[in-house]
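Open the model in your viewer and keep the selection panel at hand. The tour moves from one selection to the next.

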Amino acid sequence: MKYLSTRGHPERRHFCEILLEGLAPDGGLYLPEHYPQVDAATLSRWRSVFNGGAPGGYAALAFEVLSLYIDDIPAADLKALCDKTYTEAVYGTPQIVPLKMLEEGFWLEALSNGPTLAFKDMAMQLLGNLFEYELARRGEQLNILGATSGDTGSAAEYAMRGKRGVRVFMLSPHGRMSKFQQAQMFSLLDENIHNIAIEGVFDDCQDIVKNVSNDIDFKRLHKIGTVNSINWARLLAQVVYYFAGYFQATSTDDQRVSFTVPSGNFGNVCAGHVSRMMGLPIAQLVVATNENDVLDEFFRTGTYRVRASADTHETSSPSMDISKASNFERFVFDLLDRDGARVKALFGQQLGREGRFELGDDPVFEQAATRYGFVSGRSTHLNRLETIRDTFARFQMVIDTHTADGVKVAREHLQPGVPMIVLETALPIKFAETIVEALGRQPDRPPQFDGIENLPKRVKVMPADTAAVQAYITQHCAEP
Ligand SMILES: *Cc1c(COP(=O)(O)O)cnc(C)c1O
């Protein structure tokens, strides 16, 4: 299996060559040359491999899926990496991603039982093990530099902590994350994890990361890398739980299901698209957004319009507060029948110039729904509160704010006889303020997080100054 760029660059690369990289050389995103097809016999075999989520079933399924896309890691090693990643010890249940029934034909798929209680752990935990493996094989080191306002940074740190060959430098806006999120990140005392609290807002953190990445000499000398959501390995790891969700919601392989995905950067639902392209019987992929409705606007009208910072709302489902959807280019590439030149004109040129492009009048646009199964909807703060209350009143279940956006939009797209699976992307304890607003009570806290706010913390507070951050990295890279 080789990988190509969505912007038409002629080069083809293997999995491990793109594993540690971000964008393709022409600024595009990597996708496989083709989607391996899962025929009826394979689907049926995978159902028995997953084995209803019996111990080891998820890891074995992950190995099956990954094997189709990775041909430059020996099978025994890849199997060991999957086994090491997807364990009951890390995820708290043998199924790893158990389904919870709300009502007949309406399910939540629990993707938030990993160390940071959000779905990003599902991919990031694998990435940590893949990075360690590949860096050791090459005899190289990597310094991951990132900016976070919460979920991504902590998932990256919990995935990379204690890994040989990897250091993490994670910038966050000083004093602006929730107490729980600060405690989660800053209580990590591992030597290879560096929390840097920047005196500024999230955009300042992102600007520093951009400045450092544009300093080519510094970047090369200090082996700076990233783990952002455009990384193909992250997307690939997410494909596994679409299959695992399907097997749990159905008993035979001729049934179809739909998925609703609380979406921001389009990474999660793009893995659903890949699963569907492989032949998983998915009727609809329902994209749920919050007030930052870039994606809902596209799927309703065909207009893709990037928002300015001032038009990007701070909402109570903050991990979906995006101004543009960084993985969306992957879907548009498929929608345009993989016309790299056209994708390059849209994303590489028109978007930079005009901040928008329109496909609404193009005959291809209706295929987003008819051929690829995409529909969408949006949800607001009031919808979240109502949905959290309603779900608690009727099913005695407390759901987080992002999942609430999903449940709200899923109900607008139910089809008779087609089970609906809503991806639960975080646990409510991470967004306790809104739960209290909705229910007048604190969400349950998993016992391993008791008293986390009182643990010793390790964090370096610094001004919003690129040179200062570079000096800090230089100093700490020199350590053994
Ligand atoms: C990151 C995140 C999302 C959005 O996922 P995308 O892959 O960016 O679409 C939704 N919910 C939670 C809790 C998240 O952390």
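Start at the ligand and select T425. A polar side-chain atom of T425 sits 2.9 Å from a nitrogen atom of the ligand. That pair is a polar contact, meaning two N or O atoms within 3.5 Å; within protein, one must be able to donate a hydrogen and the other to accept it, and residues adjacent in sequence count only if both atoms are side-chain atoms. On its own the ligand exposes 380 Å², and the protein buries 97% of that. These areas come from the Shrake-Rupley method with a 1.4 Å probe; for residues, only the protein chains shown count as cover.

This is a predicted model: local features need pLDDT of at least 70, side-chain atom pairs count only at pLDDT 80 or more, and totals for chains, interfaces and linings use all residues. Residues are numbered from 1 along each chain as its sequence is written, and side-chain values use heavy atoms, with hydrogens and water left out.

Next, select K120. An N or O atom in the K120 side chain is 2.5 Å from an oxygen atom of the ligand.

Two strands pair if DSSP finds at least two bridges between them. Helices (H or I, at least four residues) and strands (E, at least two) are DSSP runs, numbered from the N terminus.

Within this sheet, select strand 7 (residues 193-199). Strand 7 pairs with strand 15 in the parallel sense over four bridges. Look for I198 opposite M462 of strand 15. Strand 6 (residues 166-173) also pairs with strand 7 in the parallel sense, over six bridges. There, L171 has I196 as its bridge partner. Is strand 7 covered or open? Six of its seven residues are buried, so it is mostly covered, where buried means under 20% relative accessible area, exposed over 50%, and partly exposed in between (1.4 Å probe, protein chains only).

Jump to strand 13 (residues 374-378). Four of its five residues are buried. Strand 10 (residues 282-289) pairs with strand 13 in the parallel sense over five bridges. L285 stands opposite F374 there.

Select helix 14 (residues 328-335). Eight of its eight residues are buried, among them E329, R330 and D334. Just after this helix, D337 takes a positive phi of about 50°.

Then go to G8, in the loop between strand 1 (3-5) and helix 1 (15-19). G8 counts as partly exposed because its relative accessibility is 47%.

Finally, zoom out. The protein chain has 20 helices and 15 strands. Of its 480 residues, 60% count as buried. The C-alpha atoms fill a box of roughly 60 × 55 × 50 Å along the principal axes.
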